[in-house]
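Reader: Could you walk me through reading a structure like this one? I would like the general idea first and then the case at hand.

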Amino acid sequence: MIAEETARVLPAEPSALEKVRKILFGRLDTMLATGIIVVFVLIAVLAPFLAPYDPLAQSILKINRLPSSENWLGTDQFGRDVLSRLIYGSRNSLLFGFISPVLAAIFGTLLGVIAGYFGGIIDRLISRVIDLLLAFPELLLAILIAAVLGGGFWNIIAVITVAFIPGFARVARAQTLSVKQEPYVEAAIAVGVRTPIIIVRHIIPNIMAPIVALMTLWVASAIRIEASLSFLGIGTRAPNPSWGNIIRDGLNSLFGSPWPIIGAGVAITLVVLSFNLVGDAIRDALDPSTAR
Amino acid sequence: MAMNRRHFLELGVATSALAMVGGLPARAQEGDTIRIALSASGPRALDPNIITQGPDNWAMEQMFEPLVRPPDGQFGTTPDDFEPALATSWESSDDAKVWTFHLREGVQFHGGYGTMTADDVIYSFERARFVGGRKTLYANVADVSAPDPATVVVTLNDPDPLFLGSSVYSPQAFVVSRKAHEEIGEEAWATGAVGTGPYQLDRFDAESGVYLSAFPDYWDEAARTPKLEVLYIADTTARTLALLSGNVDMIEAVRSPGWVDSMLQRDPSLLFDMTVPGSFNTLHFNLTRAPFDNLLVRKAIAHAIDREAVAQAMAPMGGVMYGLEPPDFPAGFDIEEYPEDLRYEYDPDKARALLAEAGYPDGLTFSNYISQREDYSSSMLIVQELLRAVGITMNMQIIDHTAFHADNRTDKNTLIMHASSYPPIPLQLYLDYLSTASEVKADGTGGSNYSHYGVAIPGVDDLIAKAGAATSFDDYLAICEQIDLQVRRDLPVMGLGTLSYTIARSPRVDLGYEVKSGYARWRLHKATLATL
């Protein structure tokens, strides 16, 4: 279906942005997913105004309460309001979700372009390191680095970023190798344009489509990895809430109140699913290699 | 009923699905086996002289015996409380330095290793004194000898009127067979030492647990239930479900706020056995690290912590403890028994004022770490919130339980919570937490004096030595109270609360006695399992 649409719009040469817009709002499921993402972003941004309580404030007198008009999703084993923790938790989850893939895209693209453009020993050096990192699944790599660095906001950002860099570098290198052969690049070299200018002006803009597609897909993975790390106790540090550690804390008092786990579980599922749907749509729109 | 092919297939599918679900074998012989599940990933040791993880003591408590013991379900508070076990009678010299034990005759070791003799007792004490993981506890022992095969004489360097409770009734001095050790060899011994208890070892499985059966040649009434399985299920949810589903009969409780209530909601018939006071939860300030080298900061933290609230959050397992001993233990203080300036009552305003006086008018931030085990992490999460209320940000990392202890022992932590069950013998805790000899060392060779008290702030060692030399219980108590007051003034460590060691038990299991106090383990020789 996508291929047909692409075929139909191709003669008009629409800009990438238009294609994205068409994909995001052209289909019901992606539109719904986009809507969910927008809602969660708003929740994260407006957390202080939306959360009914301080997410850290404990109340020993109301432990493990079930949902009520006072606490919509009940309280956890320390008497903290579950809804407020989920709302504030969305900040951590989304921040990780956005910052890490963007950083990974920047560093990974840079490495990939350098390797692809210069070739030779530089290429071999970078590629082997990337191969080495690629040998580990992202989550495993993240756990490894987190175990060494310890938890904390920036450490986890760094962890997820490093885990994602190899993927971007791989794609960027492959794209650079093909773009490098294009006549316009050869022409630029011939007229004596300096290398950094060639890379910035001619190479990078022409390899961006798959990179952006990859980036949106990995937002979902980043949120998932952050939740996994926090669940394992090496992500967001207590008492700060993140969806992962809300589930972790909730497991201890599963029979006290299941609502922390249900709430955070639903939130993670919704957001990850939405980003995956939107990411797929963007990839289909931007990346010609997947268009059938 | 005629069974057609389809029914047969459905039955087959259902049966194989059931078989796949059941990790534990179906319970064919009800009443024959009691299963208890503990909170650790697997057993590590079965040699009473090895310091291992707490849960391992459960199997050992059934397999080994001391010379004397307190009644089941209690700590012996005074020397009169102790009852004969492998010794039938005993006496001490007037200065409490020479202790003579008359051994029970005809006691058999497990596995056909023969009759227990004085030589085995001497051997067990030797291991405790020279190769054990708790040699300091036996440093006071000067000599152990046997004038005849049925008598053992222990001579001490310093008087110890509480010798029975402090050293004899301690796993390190449980009696093991010399002959068996020599035949088995050190390696196999570590997971299969040979003793005289009501249960003998059938199988040690490093993955799942320890399997025991009643020892047919036991000297006393045989264990009432033929088989005992001490299983290990670290995951709290899995352990809880195992009890609720009836796969196990007893589990180590999850000591976090609200757990007991939530379990009773699921199954109101469950029973909870708790030691009172249970473990002592203490907060140790590392005096060699800023800002805890500042007495004003330590006082501010003492005022910031609402001990009643901590105890209430852990109800019904939690208790209040102000000093180093629970109020009803020897040398324990209730809040109003302290002089006014040493009470450190909960007062956030005063805490803020003290912080300002200490040079932190805008509060302060520090980092530490804590074990992920629920009793540790939930206590400290409450402390974290109480500190936040007075402007102190505690950047707390929650780490693996084993790593937590390893890091504490290498002096890496700053504000350290420690939980340990102690008998009503204050000196034991002082030696562990306060004495210079137990000072924590960066290379890990030190002990559990995490605050560096005695070194960073000298003076306590003399008092501890005086308590150790006391010949009467009253003198001993007076010096111990002096130590507690001194600690209250210097604040290297303070009480956070007590937390009962708790086992949740199916009503089908009858223990045969009531658990009141004691270490974090108890005997199951009288336990029976009612059949459904």
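This is a predicted model: local features need pLDDT of at least 70, side-chain atom pairs count only at pLDDT 80 or more; totals for chains, interfaces and linings use all residues.

Reader: How does the radius of gyration of chain B agree with that of a compact globule, and why?

Author: The idea is to set the chain against a rule based on its number of residues. A compact globule of 532 residues would have a radius of gyration near 24 Å, and chain B has 25 Å, so the two agree. Along the principal axes, the C-alpha atoms of chain B fill a box of roughly 85 × 70 × 40 Å.

Reader: What does the secondary structure of chain B come to?

Author: Chain B has 16 helices and 21 strands. Among its contacts with a separation of 6 or more, 69% join residues 24 or more positions apart.

Reader: Which residues have the most contacts inside the largest nonpolar core?

Author: A nonpolar core joins buried residues through C-beta atoms within 7 Å. Here the largest has 153 residues, and B:Ile36, B:Val68, B:Val230, B:Ile251 and B:Ala304 have the most contacts inside it. Helix 12 of chain B, residues 374-388, gives the most to this core: seven residues. Beyond its sequence neighbours within four places, B:Ala304 is in contact with residues including B:Pro348, B:Leu386 and B:Ile392.

Reader: Where does UniProt list a "transmembrane region" in chain A?

Author: The unreviewed UniProt entry lists several, including residues 31-51 and 94-117. In the model, residues 31-51 of chain A are 90% helix, with end C-alpha atoms 27 Å apart. Residues 94-117 of chain A are 100% helix, and their end C-alpha atoms are 34 Å apart.

Terms used: Residues are numbered from 1 along each chain as its sequence is written. Chains are lettered from A and ligands numbered from 1 in the order in which they are written. A residue is buried if 20 or more other C-beta atoms lie within 10 Å of its own, exposed if 12 or fewer, and partly exposed in between; C-beta atoms are placed from the backbone. Helices (H or I, at least four residues) and strands (E, at least two) are DSSP runs, numbered from the N terminus. Two residues are in contact if their C-beta atoms, placed from the backbone, lie within 7 Å. UniProt positions are given in the numbering used here, feature names are shortened, and annotations may be inferred rather than shown by experiment. The radius of gyration is taken over C-alpha atoms; the globule rule is 2.2 Å times the number of residues to the power 0.38.
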